[in-house]
Amino acid sequence: MVRTLGIATIGQAPRDDIAALFAAHAPAATRVVVRGCLDGLSDDDMARRPPKDGADTLYTRLRGDRDVKISKAHVIERAAETLKRLREDGADALVFACTGAFPPIPGDAGVLFPSRILNGWVHGLLPQGRLGLLIPLPEQREKLIAKWQRPGLEVVAEALRPSADAPETHAVAARLKAKNPDLVAMDCMSYMPETKTVVTDVLGVPTLLAITATGRVMREFLE
């Protein structure tokens, strides 16, 4: 039986990079459907809803591989309809492809949220110690450190654009290495395995990539 995976992105579809990575972790012949929470909006439409502050800022890539900052509140407003449409597409499993922490969304029962998966892995692997975070934007530092902090866990962070080239990635990873993390979490769905390879080579500590961590859990839903 052909299974269907529904992926909700916080930006716009298509996102062939995300679809391909999830497809690689799914059972053979899985049908992949991607819909974006901001589908159907023009650049002017999105410009009218800019992020209010760092807590309202999300990073994503739009069609044409453009790096953009978008409003988290705007995404939340449109998320329920996106999930509804994916269910109408016949999705057997649903992924909300963002590592941000989201409040309850109508229709989100059974949806895989990468933030919860990544947090669970970190909690299990590093009950105490120093967690290194790679985050897309400097203005997200305070919000994301607060999201990850808990008793016994120190959090250090560096900002790395997911579209950064290898030299820039190497330089940022070196700055994070100087902070001596025990484990690294790459806190954005737009980070790709190629970036993880550079980071792991520089730091030499276990590194968790959100999209592949989520993909491995997702496979359990589809098999």
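## Cysteines

Buried means under 20% relative accessible area. In this predicted model, C188 is buried by that criterion, because its relative accessible area is 5%. C98 also counts as buried, with a relative accessibility of 7%.

A search of the whole structure returns zero disulfides. A disulfide requires two cysteine sulfur atoms within 2.5 Å. The cysteine sulfur closest to that of C98 belongs to C188 and lies 7.2 Å away, which is too far for a bond.

## Helix α5

Helix α5 spans residues 141-148, and its buried residues include L144, I145 and W148. These residues lie on the same side of α5, because they cover an arc of only 100° around the axis. An α-helix has 3.6 residues a turn, so residues three or four places apart point the same way.

The face turned away from the buried side of α5 carries E142 and A146, both exposed. Exposed here stands for over 50% relative accessible area. The buried residues of α5 are covered by elements that include the helix α4 (114-125). Also among the covering elements are β6 (129-135), β7 (153-159) and β8 (183-186).

## Packing of α6 and α7

Helix α6 covers residues 166-177, and helix α7 covers residues 193-203. The two pack with their axes 9 Å apart, at an angle of about 40°. Angles under 35 degrees would count as roughly parallel and those from 65 to 115 as roughly perpendicular; α6 and α7 are therefore oblique to each other. Their crossing is right-handed.

On the α6 side, the residues that meet α7 are A166, T169, H170, A173, A174, L176 and K177. Their partners in α7 are T195, V198, V199, V202 and L203.

## T195

Which helix holds T195? T195 is found in α7, where it is one of the residues that meet α6. T195 counts as buried, because its relative accessibility is 9%.

Apart from neighbours within four places in sequence, T195 is in contact with L160, P162, T169 and M186. Of these contacts, T169 is also listed among the α6 residues that meet α7. M186 falls in β8 (183-186), one of the elements that cover the buried residues of α5.

Note on methods: Residues numbered from 1 in each chain as written. Predicted model: local features only at pLDDT ≥ 70, side-chain atom pairs only at ≥ 80, totals over all residues. Heavy atoms only, no water. Buried < 20%, exposed > 50% of the residue type's maximum accessible area, 1.4 Å probe, protein only. Helix = DSSP H or I, 4+ residues; strand = E, 2+ residues; numbered from the N terminus. Contact = heavy atoms within 4.5 Å. Arc of directions from axis to C-beta. Axes fitted to C-alpha atoms, helices over the stretch in contact; angles between N-to-C directions. Parallel < 35°, antiparallel > 145°, perpendicular 65-115°, else oblique. Left-handed = near helix turned anticlockwise from the far one by under 90°.
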